[in-house]
Each structure stands twice: as C-alpha cells, then as structure tokens.
Amino acid sequence: MFSAFTSLALLLSAAPAEPAPAAAPAPSETAPSQVQPPSRIDSVTVPYPEVELAAGRQADVVLRLTIDEHGVVTESEVVRSAGAAFDEAIRTASLAFRFEPARVGGAAVACQIELVHSFRLEPATAPVPSAPEAAPTAEPPPAQAEAPAAPPPPEEKTMETTVSGRSEAERMRQSAEAVRVVSTTRAQARSVDMGQVLAAQEGVEVRRSGGLGSTIRFSLNGLTDDQIRFFLDGVPLELSGYPFGFANVPVNLVDSIQIYRGVVPSRFGADALGGAVNLTSAPLQDGAHGAVSLQGGAFGTYRLTLGGSYRPAAGGIYTRAHLFADTTRNDYRVNVEASDDSGQLRPVTVSRFHDGYQALGGGLEAGFEQVGWADRVALRVFGSGYDKDLQHNLVMSGGPFGEARYGATALGTQLLYEKALTGAVRVDALAGYAWQASDFQDTSQWVYDWFGNRLRERTQPGELGGDATDQTLWQQSFYGRANASWALSPSQTLRLAFAPTLTRRTGEQRRLASPIDQDPLSADRDLLTAVTGLEYQLNAFNDALELIVFAKDYLYAARAQQPQPTGEWLSKDRDLHQLGGGAALRLRVSEPLYVKVSYERATRLPRMDELFGNGVLIRENLDLAPERSHNVNAGLATAPLRTRLGVFRGELNGFARLARDLIMLAGRDRDWTFQNVYGARALGLEGATGWSAPGGWLHLDANATVQDLRNVSSQGTFGAFEGQRLPNRPWFFLNATARLSLRGVATAEDELSPFWTARYVHGFYRYWGGLGSAETKQTIDSQFAQAAGVGYKVRLNGFSLGLTTELDNLTDARLFDFFGVQRPGRSGWLKATVEY
C-alpha cells in the first residue's frame, strides 16, 4: 500500500492580492506556533482588464501559488476561474509576486497557498483615490467605471496554506542531491504508463518487448537493469507487491517520481550502482477522498484504477486502499517473414496472436497519526498477480510461440513506525515480509506459424528449445529499514540508516527428462544483504552552500547448490564485505543559478535473478562478481527565470561512470545469462530546457542525452572487444513536448489541454560493432515517434472530472526495442478520471 508524506496544514486569514501594510498580520489561532505563513513584500499592481472594465464586470479569482524557500513564486494555477481576461491578469501578475517565505521552526520552507484576488469597480459618485508610490496599500487601487450603485464590500476570505510533499519537489531539485523530481499530475490524465513517463526524461531509456505487460528493461546514464534500484516510498518495489516491474505500476497511484543519478542517498539503504528511482504517493488529506480512472483503446486494452482514503482529522486513525486491474490482447500488427504456399519465406504483416496480459492487485493501509507513543504507525497488506502469454524469444527470431506463458502471484505485509524522540532526534523503522510464486509453462506439442495456425506436431514438447518446462519458483523475503536523524544545529544534520534483507528461493520442475534426474530448482538458495549508511549534511552561508558527505558498508552472503552430472550437489557460496562512500555539493552562484557536483564509490551486489536466473528465458550464473563503480555528476541549473517574455528553465549535466565487473545480459536466442564485463566506462552529457508563455497558456519542453559506453578491459569473455561501445545501447536520444492550457472554455472552472510529444533515438548496433562487415551488422535504425491528444478537465461541486483522447505513434512508424522486437504501431486511446 502506498505511504504518504506527512503534510502540515493550517488555516490563515487571507492576504489581499495587493501588498499588505508594513505591519505583518498575526497568524491564525489555528496555526501551530512553530509555523509562520508566507507574507507579501512586493509592490506589484494587478491591472484591471480593459474589456472587463468597459463592460462594468467584477469578479473573484482563486489562485494556487507554489512559493519556494526564497519567497519566489514558482507556479501559479487558477483554481477558480472568472474568465480568460480576469484569469490572465492576476495569474501573469502573480508570477512577479515576492514573499517573505514560510517558515517551520524558524527554517524557510517551500509551500503552497490559495489566494483570492477580488476585481472590484468603484461607484461613479466616488472620487478616484490615487495610490501612493512610496508605500503599498492594503487594497488594490480602484478603477473608474460607471455603476448604478456601490457594490457590497468583498467578504473576508479564508486561505489554506500547506507546507507539503508537493512543494518538496522544488526543494529537492535545488538540493545537493543528484535528483530530478517528476510530477505525474499531467500523466495521470493521459494513457501513458510508468515506462513512458520515465522514458521522456533525459538520460533514461526504457526497452520493452511489446505492449502492456511485456518485459521491461530500464537504463539510466548508460547503466541498466538492477544497476538501478526501484523503490515505492523508500521500500524496494519488488517487496511492495509489484512482481511485474515498474512500468506496469498504475500512474494514477503515484504522485511523483524521484530519479537519483549515480549517487544514491544513504537513507534508501541501497547497493545501487547507477542510481535509484523512488515512486512516491500522494499525501493524506483530511476527510474522505477518492479517485477512479478507466482507460480503454487499441489491442483490446483496458485499465482500471481505484483509490481512496479517509482521515477524520490531522491526528488519530486513518485508512486508505487501492485497487487496479489490467487486461489486453496486445494483438498489434508486426512485420515478419512467413512461408507462402510454396514454402518460400515472404515478408508479411500479421497480428500478434499470443501476447495477452492480465493483472489484478490491491492494498490496504490502516494506522494512527500523532498519538502519544508515535507520530505515525501503520500496517499495510497487499497482494497482486499477473499472467502473460509469451509470443517469441528476446530478439523476435525464429518462429512464434503459441502456448508458452508465465506469471506470478505476490503477497506481503509491512509495519511502519515513526517518532520524533526530541526536537532534534527522529527515528523511523519498517519491517516487512513478501512472498512470491512465479510460474512458467512451455509444454506445447505443436509448431505454430505467424498466423496462429498449428503447422505440425513437435517431435518433443516445448516451444523455446530444449526440454519442455512446467515449473514454479517460490521466493520469500524478510526485510527491514531503520533510519535515525539528529539535528546537531539548525544547519547541521547527522543521519544513520540500516537495511538488511534475507531472500530465500526454491522451486519445482515438474517436467524432468527422467524421474531419477535431479531437480535443479529444488535446491535452497539464500541471499543475505545488509547496507549501513552514515550521512552528514551542512547548510552554510544562508543556504548558499549545501554539502552532504556519506559512507556506506555492504555485507553480502550468498548460499547456493549446483547439481553435478554425478548426481551430487556442489556448494557455490560467496561472502563479501565492501566499503563505499561519497559526497554531494550544491553552490548558488547567483539567485537563479546554482552548481551541483556529486561523487560516489558505489558497489552493487548481484540480485537473485542474475545469480539464479528468472525461470523463463534467463539462465543462472552462480559465478557472478559484484559490480563496482566510481560515479561522478556535475551540473549547472537555474531556478525558473521569469521575464516579460515568459518563464524559462534550463539544466545541463555531465556524468561519468567508471565501472568494474559490470554485469551485462548477453546471449543469443534461447540461451541468455548475466555476465561480468571486467571494465566499462560511460561518459555523457544531458540537458533540458523549457519555456512557458506569459499567462501559462503554452508550455514547451525538450531534453537530449549523448552518452558513450565502452568496454575498457582486455580481459575476460569480452576482452577481444576492448575499446568498442557496449552493444545494444543507444548513444543519442531526445524528447520534446508542447502543451496548451486553455481555461474557461465552457465553464469558469475548466481547462482544455491539447498536447504533442516526440521522441528520437539515433541508430545503434545490436551487437559488438567490431564484428562482421557493415553489410552484416545487426542494427536498430534511427526512430522518431510522435503522440498527440487533447484533455479536458472540469471541477463541479467538489468533483474533478477529466477526459483525454490520445493517438500514439502518429505516423505509424516502425519502432523497435533494444533487442529488435517490434513495438505497436498507430493506436488510439480514451481515458476518463474522476476525483473527489
């Protein structure tokens, strides 16, 4: 079940849209004593729209402003519209507002506020007062207009200010950590899945062997698969009830995505080599809240997501739950070679006929907040399962499969405890158990063609080659996470983290060649890891400098048995103790500009699937060595820069990954294993830029990545390829997005959002570039994919209703994953969302 940030909310008296008098108003009695709300300190005047002035119209506009820890407005959103002219006038002006920032315990923090601006006309009989230039007034300067009578004075409004996880995104972006925070707000209205959201970020590649539910592989700055760790609210994703991988986690259940590049904070207790991705859920809110989304479209695809929570008050009991269900035929058309009536191979276009996917899952969480013995204690239970047809091998070579399938079922529970022991010391701990059963069946007696016809009976059953398979793998994991932080002073913090995990696996192969043969899956295989991290953080020179220094200790113990031809078992045990550490620095060069540099000497321990195989297409390799790498990041970024021409954003980063014993998936057709590359080096440059038009009616964003990944070792299996690029990895790709935001189209509280996205991937080799002639090299050609759609959202009586229609792969381009599997062509989607 998804956990949430703790949010701090208080009701305050409304500040007027124009600057307040010099004396600051007293905070509301409901505000905790340690919380100080933001207050206006600028003298910006909001112009009265001429068209509305001429028509004699008045209105109230409600804005939601996001204010960073420096008092700068980073986002302005119209919550209650009064029409395009009124909205644009106040929204454009609000981007120039400046505030004394909100403070918690004296420390400046980012926050969100709702602000009401009242446009009011003065009666014709009254003189027009002139606003003094030296001192701002408490009310906006009135405008001259003819009116039959004086309107009633605007009633006093109430504001809600929230210091919450949503505003945490900008704070994290400008911290010393090498992190990018991606909000899923827009993605929740679209038909994209989590893999597509991540693939639109710089430095990220997502490869997949088909449509929804297909095998997914993730790459960040050139490092791939388990070299990048995935978390759900700080807990490893595979231990949180998602056995099918990150890409199939419903987007509507995730509030934001944190992408850590190369340097992973010690609080995650992770042995990641190239970074981490943390999916976070929305913060709890008082009262009852719920959301439902339903998506349907091409290839018989339907996705349903339900979520809800109930918290009577900020303290006491709360509950929440979620449910998701997915189904698809994945019967999109692909180009293959099939035999004609004469037996000759001819290029044909056919529909995939054995690639269906179904998934169902959910979770429940119940807990208490702000009780005497805990700030928060929660119990979660979750379960999920999926079933997937297997259409072909990893490279789409040879004939299709007509009956092979695999799937998994996962169950688990977690107990979470958080407590501030003193004003300076805080602890949180989590203990959990996860159980998973993975099935794989390959027992077909028939050979199928690409049209789904049975051609002939096999001499021996099994479509993937070799013997028939009917097996189940059982895996249990016991894990814990404990973190403690100590505020040594207002500018210094010490943190300690400890994360042990014990995983046990066994299995059963029900189709042995002979009843007296050993079952290679029946051996018990155990993997124990423990990561301890110590971190020190310093904020100095009025937050101009932030420094984080950390150290990590890695313990690793693997116990396995390998069957021998003699019928005996050979012990294959491995123990390891490693030390690592690093540092991260952020320095503000000027108010909008800052520099970030980070380094980590990282270690990544082999995972269960890498050592013992995945029971489907990947074989075991019990001799794998742990990976090590020196990871360096250096970047230059700017806070949102607001001008009369709009809001500009920019970021430029360079990275280096100097790895030893890099674990890489290698093989051909049926025989794939993870193997060590003794030495590998990745160098790269990535940049992102964006612009929003004045008034926020148009948003343009783009990012690009150039990376060079090479084998730098003359030893081992791949020694002959020293100096060559690692195969099957793109070296240049870019993304672009354009979005319109048209408000007040049909009602005062609606938005129409047409959008367009594009992705370009330059061509690359599927295998080592030094092998074969130019004519015989296997390549993935350059690809350019586009999508477009339009979304409509309206607020009615406490409900938010949304409807989006989208066309993916506009030009019906031929797209391929890294291994050469063809991706879906042009497809249409429709998605509806309701929130309360």
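**Notebook: cavities, buried side chains and loops**

**Entry 1. The second largest cavity.** I looked up the second largest cavity and found that about 180 Å³ of space lies in it. I worked on a predicted model, in which local features need pLDDT of at least 70 and side-chain atom pairs count only at pLDDT 80 or more, while totals for chains, interfaces and linings use all residues. Residues are numbered from 1 along each chain as its sequence is written, and side-chain values use heavy atoms, with hydrogens and water left out.

For a cavity I took a set of points on a 1 Å grid over the protein atoms alone where a 1.4 Å probe fits but cannot get out; lining residues have an atom within 4 Å of a point. The points are joined across faces, edges and corners, and the volume is the space filled by probe spheres set on them.

The lining of this second largest cavity holds 19 residues, and those closest to the centre are A178, V179, R261, E651 and N653. I then asked which elements give two or more residues to this lining. They are β11 (179–183), β37 (593–604), β38 (627–643) and β39 (646–668). Here strands are DSSP runs of E with at least two residues, helices are runs of H or I with at least four, and both are numbered from the N terminus. The largest share, four residues, comes from β39.

By class I noted six nonpolar, six polar and seven charged residues in the lining. Nonpolar covers Ala, Val, Leu, Ile, Met, Phe, Trp, Tyr, Cys and Pro, charged covers Asp, Glu, Lys and Arg, and the others, Gly among them, are polar. Over the structure I recorded eleven cavities of 30 Å³ or more.

**Entry 2. The chain as a whole.** I recorded five helices and 49 strands for the protein chain. Of its 836 residues, 52% are buried (under 20% relative accessible area with a 1.4 Å probe, protein chains only; exposed is over 50%, partly exposed in between). Among contacts (heavy atoms within 4.5 Å) between residues at least 6 apart in sequence, 68% join residues at least 24 apart. The accessible surface comes to about 35900 Å², and carbon and sulfur atoms hold 57% of that area; the areas come from the Shrake-Rupley method with a 1.4 Å probe.

Entry 3. I placed S240 in the loop between β16 (235–236) and β17 (256–261). S240 is buried at 5% relative accessible area. A polar atom of its side chain lies 3.1 Å from the backbone oxygen of P236. Leaving aside residues up to four places away in sequence, S240 touches L232, V235, F382 and Q414.

Y479 is buried, with a relative accessible area of 5%. Which backbone oxygen lies 3.1 Å from a polar atom of the side chain of Y479? I found that of L239. Beyond four places in sequence, the residues that Y479 touches include V235, L239, Q414, Y433 and P500. Y479 and P236 stand 243 residues apart in sequence, yet their C-alpha atoms are 9.7 Å apart in space.

**Entry 4. N676.** N676 lies in strand β40 (residues 671–692) and counts as buried at 14% relative accessibility. I listed two backbone atoms beside polar atoms of its side chain: the nitrogen of A625 at 2.9 Å and the oxygen of D661 at 2.8 Å. With residues up to four places away set aside, N676 touches D623, L624, A625, D661, L662, I663 and F718.

**Entry 5. Two positive phi values.** N542 is not a glycine, but I noted a positive phi of about 55°. N542 is found in the loop between β32 (525–540) and β33 (545–559). Is N542 buried or exposed? At 78% relative accessibility, N542 is exposed. N728, also a residue other than glycine, has a positive phi near 65° and sits in the loop between β41 (698–711) and β42 (732–740). N728, at 7% relative accessibility, is buried.

**Entry 6. Helix α2 and V35.** In helix α2 (residues 84–94) I listed F86, D87, A89, I90, R91, A93 and S94 as buried. Their cover includes α1 (50–55), β4 (59–67), β5 (73–80), β9 (111–119) and β43 (742–743). Last, I looked up V35, in strand β2 (residues 35–36), which is buried with a relative accessible area of 7%. V35 and V104 are 69 residues apart in sequence and 4.6 Å apart in space, C-alpha to C-alpha.

Note on methods: On a 1 Å grid over the protein atoms alone, a cavity is a set of points where a 1.4 Å probe fits but cannot get out, and a pocket is an open set with protein on both sides within 12 Å along at least five of seven lines; lining residues have an atom within 4 Å of a point. A polar contact is a pair of N or O atoms within 3.5 Å; within protein, one must be able to donate a hydrogen and the other to accept it, and residues adjacent in sequence count only if both atoms are side-chain atoms.
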